[in-house]
Amino acid sequence: MSDRSELDELLALAQRAARRGADALLAHVPAQGTIRSETKGRRRELVTAADRAAESAVVGELLAARPDDAVLAEEGVLTPAGRASRAARDTWIVDPLDGTTNYVHGLPWYCVAVALYRDGRPLVGVVHAPRLGHEWCAVHGRGATKDGLPITVSATAELADALLSTGFSYVRDEPGRDDNVERIRAVLPRCRDLRRYGSAELDLCLCADGTVDGYWELYLQPYDVAAGALIVREAGGRVTDLCGGEDWLHGGQLLATNGRLHAEVLAAVGGPP
Ligand code: LIP
């Protein structure tokens, strides 16, 4: 079991790394005009020089302090892309820019997400949103915070009173791909309203601090959810895959709620893609 001082050090390292990544993102925002981007495989999926600079800053900070740890980072700037760089007990899961499309279009809903998983279980999570000026954190067994203050999920008990959020995959034209529309059709008439913020990690943090009552999405990557899922759980919420199971980190399908609404929202939007 990790002692408190080790957990404090790991949280502080994750915060330093996330903030360095956020500084790199802000440094790449031009005074005028839009941010240059290029498509990454899919014509909608964007990547920018800022992504790479932020990932280099985050992963560089982490490995300078803990060179023997594994890293799973989206762009693979310093480590093999998309997979843990080595077998290790501790793996850092990093999204250097979650909300890329928002970032490119000058919208503030983007963040840097840094999570530490030990033996495959979430231990530390930090989500830093520089344009929003907020940082959400969690340590396993020690609760969740927003800007250093404790947070809890909402107390909303009725779906009719619930504000939900969701998102859409970049891939929308593959036959048989679930476009999420039927799930939206099933729940929208029954909830208060629906939002699409464009950053899974921020969606999860807004669920954790009670801003929204639930969030679901399909076709996500581990780095889209690794930090925020811990923050939701430590804030008293529930996180499952869309079948109500535990395969939400690598399975790509996730539902996070305040707990009270989980069964009802799962019944409305759940099921395999
Ligand atoms: C984004 C997710 C978001 C999803 C977008 C995109 P990115 O990640 O955070 O929830 O709806 O399609 O996948 O690409 O900004 O890192």
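Is Y110 buried or exposed, and what is its relative accessible area? Y110 is buried, at a relative accessible area of 2%, where buried means under 20%, exposed over 50% and partly exposed in between, computed with a 1.4 Å probe on protein chains only.

The points below concern a predicted model, in which local features need pLDDT of at least 70 and side-chain atom pairs count only at pLDDT 80 or more, while totals for chains, interfaces and linings use all residues. Residues are numbered from 1 along each chain as its sequence is written, and side-chain values use heavy atoms, with hydrogens and water left out.

1. The sheet. Seven strands form an open sheet with mixed pairing, in the order β3-β4-β5-β6-β7-β8-β9. Its edge strands, each pairing on one side only, are β3 (70–73) and β9 (149–150). Strands and helices are DSSP runs numbered from the N terminus (E, at least two residues, for strands; H or I, at least four, for helices), and two strands pair if DSSP finds at least two bridges between them. Within this sheet, β7 (residues 134–139) and β8 (residues 144–146) run antiparallel and are joined by three bridges; W136 has K146 in β8 as its bridge partner.

2. Helices on the sheet. Helix α6 (residues 222–234) packs on the sheet and touches β3, β4, β5, β6 (121–129), β7 and β8, its direction making about 100 degrees with that of β6. Helix α2 (residues 49–65) lies across β3, β4 (90–98) and β5 (111–118), and runs at about 155 degrees to β4. Contact here means heavy atoms within 4.5 Å, and the axes are lines fitted to C-alpha atoms, for helices over the stretch in contact, with angles from 0 to 180 degrees between N-to-C directions.

3. The nonpolar core. The largest nonpolar core has 39 residues, and V127, W136, I231, W248 and L254 are those with the most contacts inside it. At least two residues of this core come from each of β5, β6, β7, α5, α6 and β14 (254–257), and α6 gives the largest share, eight residues. Such a core is a set of buried Ala, Val, Leu, Ile, Met, Phe, Trp, Tyr and Cys residues joined through side-chain atoms within 4.5 Å.

4. Strand β14 and its partners. In a regular strand the side chains alternate between the two faces of the sheet. Strand β12 (residues 214–217) runs antiparallel to β14 and is joined to β14 by four bridges, with T257 as the bridge partner of G214. Strand β13 (residues 238–240) is also antiparallel to β14, through three bridges, and the bridge partner of V239 is A256.

5. Aromatic pairs. The structure holds two aromatic pairs; rings of Phe, Tyr and Trp (its six-membered ring) pair if their centres lie within 6.5 Å, and planes under 30 degrees apart count as stacked, over 60 as edge-to-face and the rest as tilted. The rings of Y103 and Y110 have centres 4.9 Å apart and planes at 85 degrees, so this pair is edge-to-face. Y103 is buried at 2% relative accessibility. The rings of W109 and Y197 have centres 6.4 Å apart and planes at 50 degrees, so this pair is tilted. Because W109 lies in the loop between α3 (100–104) and β5, and Y197 in the loop between β11 (193–195) and α5 (200–208), the pair ties together parts that are 88 residues apart in sequence. W109 is partly exposed at 33%, whereas Y197 is buried at 16%.

6. Surroundings of Y219. R177 lies over the face of Y219, at 3.6 Å from the ring centre; a charge sits over a ring if NZ of Lys or CZ of Arg is within 6 Å of the ring centre and within 35 degrees of the ring normal. V171 belongs to the loop between β10 (163–166) and α4 (181–187), and V171 is buried at 9% relative accessibility.

7. Positive phi angles. D119, in the loop between β5 and β6, has a positive phi of about 50 degrees although it is not a glycine, and D119 is partly exposed at 41% relative accessibility. D147, which is likewise not a glycine, has a positive phi of about 55 degrees; D147 lies in the loop between β8 and β9 and is partly exposed at 41% relative accessibility.
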